[in-house]
Amino acid sequence: MESAHELARPSRIGVIATAGDRRDRDMRELGQIAAQHFDVLVVREDVQLRGRKRGNTSALVAEGVREAMEAGSRCKQVEVITDEIKAVRRAMNRANRGDLVVVCVDKHGEVMSELENWSSQARRAPPASATTSQPPTPTTRHPRTPELRILSLRDLPRRPIDAHGSKSFSVGAFGICADAHLVAVTLAPGGVIGRHPAAGRQLLVVLSGSAEVAGHDCEVRTIGAGEAAVWEPGEAHETRSPTGLTAMIVEGDLDIGAPGEQIDRGDT
């Protein structure tokens, strides 16, 4: 049994969630895996529930965490706070100096603002060990030229997806841009991304191969390398590829104009 002091001072705190269009067993497995790496977990939910009722997704993830805890995992406490910002605040309130807090985000901009507020408060607070009023010793900073980053889509860790009847379909996490998710997609010849609603505005950019895409009207159109399909939030859509393809999918808070049009929210 862990002592009260150990529970009050965890070394690793995680804020986790998953999309609602995953299988129940995948959600439980997420909780089980996370429980092996964190002392405390806060389970939240995305704004877009993707067909689930509020509280269902987080309950399944938390169930997986508790199963791992009963088997002796590293995690000793789990909380369900469905609101993302409240979950982040809870995690930060639990953290002590030197602790690691990992936050899996949905509302990227709002979470960044929240963390910046925490950072500002920390800078304003005087150090607890300060005993004199002497100014700090200045440090010399040398400018560093940023290095060019080369990212290979071929080397991304990938995981297979079979939801909505999909087959021969895998994704690799690539990054987050503003309030959008960016993933690399691979479809083997004959692969299918099953028909499902878009959680946000979605852009499918074909890099190689070809795709047969359809939206709410179910009309099938063929696009190739250098072409993209756009689906609106909530629009049911599917993608097939007789030949196989590699593509990038961007989904979230996107403004997409006509080809060649420059969109800058600061100008509107």
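Two residues are taken to be in contact when heavy atoms of theirs lie within 4.5 Å. On that basis, among contacts between residues at least 6 apart in sequence, 68% join residues at least 24 apart. The model is a predicted one, and its 268 residues include 34% that are buried. The protein exposes about 16500 Å², of which carbon and sulfur atoms supply 52%. Its secondary structure comprises 5 helices and 12 strands.

An open sheet is formed by 4 strands, which follow one another in the order β3-β2-β1-β4 with parallel pairing. The edge strands, each of which pairs on one side only, are β3, covering residues 77-80, and β4, covering residues 100-103. From one strand to the next, the twist averages 15°. In general terms, the strands of a sheet pair through backbone hydrogen bonds, in either a parallel or an antiparallel manner. Here, strand β1, made of residues 12-16, pairs with β4 in the parallel sense over 4 bridges, and Arg12 has Leu100 in β4 as its bridge partner.

| Helix | Residues | Strands it lies across | Direction |
|---|---|---|---|
| α3 | residues 56-70 | β1, β2 (40-43) and β3 | about 170° to β3 |
| α4 | residues 84-94 | β1, β2, β3 and β4 | about 180° to β1 |

Key:
Residues numbered from 1 in each chain as written. Predicted model: local features only at pLDDT ≥ 70, side-chain atom pairs only at ≥ 80, totals over all residues. Heavy atoms only, no water. Pairing = 2+ DSSP bridges. Helix = DSSP H or I, 4+ residues; strand = E, 2+ residues; numbered from the N terminus. Axes fitted to C-alpha atoms, helices over the stretch in contact; angles between N-to-C directions. Buried < 20%, exposed > 50% of the residue type's maximum accessible area, 1.4 Å probe, protein only. Areas by Shrake-Rupley, 256 points an atom, 1.4 Å probe, with all protein chains shown as cover.
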